[in-house]
Amino acid sequence: MKKGGSRRDFLKTGAAGMVLAGGGSAALGQENGASTANPETESPLTEETIRSAEAIFDVRYTDAERQMMVDGMEAWIDRMSRFRRISKPNELAPACSFDPRLLNVDYPEQDNQLVRSGQDAGQLPSGDTDIAFAPVWRLSQWIERRQLSSRRLTDIYLERISRHNGVLQCFVTVTPEIARAQADDADREIAAGQYRGALHGIPYGMKDIIDIADIASTWGATPYRDRVASETAFIADRLREAGAVLLGKTTNGAIAYGDIWFDGVTKNPWNPEEGSSGSSAGSASSTAAGLVAFSIGTETLGSIVSPSNRCGTTGLRPTFGRISRHGAMALCWSLDKIGPITRSVEDTGLVLEVLNGFDRQDPGAIDMGFSADFTRDVRGMRVGFDPAWFEQGSDADRATLEAARSAGVDLVEITLPDLPYDALFAVVEAESAAAFEELTLTDQDDDLRWQAPFAWPNTWRQARFISAIDLINVDRFRRQVMREMHTLFEGLDAMIGPNFAGAMLTITNYTGHPQLAIKSGFNEIASRAAFDVEPANPDTLYRVPQTTSLWAPLFQEGNILALGREIENRLGVADMRPPLFS
């Protein structure tokens, strides 16, 4: 690249991220049919250009091979230059779709039966705060018995959002008119004997990357801050049909990464000096602070589990393909998943029962029933664990393991194969860079608030240098990991461990296995930085919660829900509230 050329010119003139603007080739990066070529910054393709690129791709060619490449690349560059000009909207999924199922494995059908625990909710509390923090399984009983109206519950949450959102920055859009209208509808239907089920009249928050028609859906990012959805996501329709009440859109880190969004940093209710982690930042924060009954999160690579760990919520990442993503922003088509964030394990099952359903509009959707039994006796369940995980874990992690042991499960020692699991990161780097290529090529990535080596803008620039051959081989390795996990799960009902132990968060996101994070205890620690935002009082210790995780074989969420509820009851920490918001 000639001296003075910008990095954007470098990207626009390089097929696959290389400086390949060779003589006579069409310019890359065209908007509205007009070329963005800049002859003053374009460089001819030479042997030296290829020699420089070899270091990035860790390959070595001879002088003769380089010359042959120069002679043959112009047509290739022209082809990709013309291709880059066509529109590729975010919802356009790749032709090849990920399926977590192995071809030689039978996955048992499920009969769509959820058996509730049968635990009685007791008397309705007299105070609004106690009502606000009640789990869905209690709230639903009070509403069904008409001891509590949906309108009263909705007004409680709207008032709490108004009072606390300024500190927590967990809602980007609040919809009080919609919420009150839906609550009134629910009360009328219930009074008429038309009770729809456990979520009828229950107010919730929707993560801001999931569309609801005519409501802002900003994706947390400056380039989209004025975006208004034109259609309603599949899961939003399912929740509306179940009678749930929409309180508004909860914040997420820009383009589903972290807790920094275009207008703030979402805070942890247990320590508002630190961020809530992300990217389902607002969903976890609002649920932990009693601003919603439950919320909807999404996860590509930790975005339900991580904020649940930070805020002490219960987060369920279901099996890949179980819940339709139609109408949700695509970040990584082969990894994106939608799931509930709640204050109890049973609540996650109640929400998943509503969200589960096959949808042909999502190329990755899988037609699989969902069954769970919260009265199930977990004694005799075979649960895998690696002792080394708990040696390196916290007291809360070890307490969770002991709770499982005391519940009568059969703990089975396991060891993960020693493989280069971090190679899998190339998938999310490349897919997300493709999904948001326009931001990279038009300089709009510079408008994103978080600019750092590991933030999206820089990740996407680097991703253009991922070799297509390497990416295909990573995908082949992904299938190997799927086979290894299937073998490891044989004879097991679940696995248990610290959330991030042994690369399990990474592995199971790429293999599609479900993960349940449950509040397991507390730690006295200093504020954690919100990426590039350093804490104001780094030496002050705060009592903050954490979660520990359970994993299940594909589609066997029922296993970890039954076990998770039993562990939750034995630990006795799920109902503890953040003092500043109680």
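**Cysteines, strands and a helix**

Modeller: The structure holds zero disulfides, a disulfide being a pair of cysteine sulfur atoms within 2.5 Å. This is a predicted model, where local features need pLDDT of at least 70, side-chain atom pairs count only at pLDDT 80 or more, and totals for chains, interfaces and linings use all residues. Residues are numbered from 1 along each chain as its sequence is written, and side-chain values use heavy atoms, with hydrogens and water left out.

Biologist: Switching to β10, which way do its residues point?

Modeller: In strand β10 (residues 314–317), Thr314 and Leu316 point one way, Gly315 and Arg317 point the other way, and all are buried. In a regular strand the side chains alternate between the two faces of the sheet. Strands (E, at least two residues) and helices (H or I, at least four) are DSSP runs, numbered from the N terminus.

Biologist: Which strands does β10 pair with?

Modeller: β10 runs antiparallel to β11, joined by two bridges, and threonine 314 has threonine 342 of β11 as its bridge partner. β10 also pairs with β16 (residues 515–526), antiparallel, over three bridges, and there glycine 315 stands opposite alanine 517. Pairing needs at least two DSSP bridges between the strands.

Biologist: Now helix α9. Which of its residues are buried?

Modeller: Phe234, Ile235, Ala236 and Leu239 are the buried residues of α9 (residues 234–241). Their cover includes β3 (203–207), β9 (294–299), β11 (337–342) and α12 (345–355). Just after α9, glycine 243 takes a positive phi of about 90°.

Biologist: Last one: where is leucine 168, and what does it touch?

Modeller: Leucine 168 sits in helix α7 (residues 150–168) and is buried, at 0% relative accessible area. Not counting residues up to four places away in sequence, leucine 168 touches several residues, including Val265, Pro269, Leu291 and Phe581. Contact here means heavy atoms within 4.5 Å.

Terms used: Buried means under 20% relative accessible area, exposed over 50%, partly exposed in between (1.4 Å probe, protein chains only).
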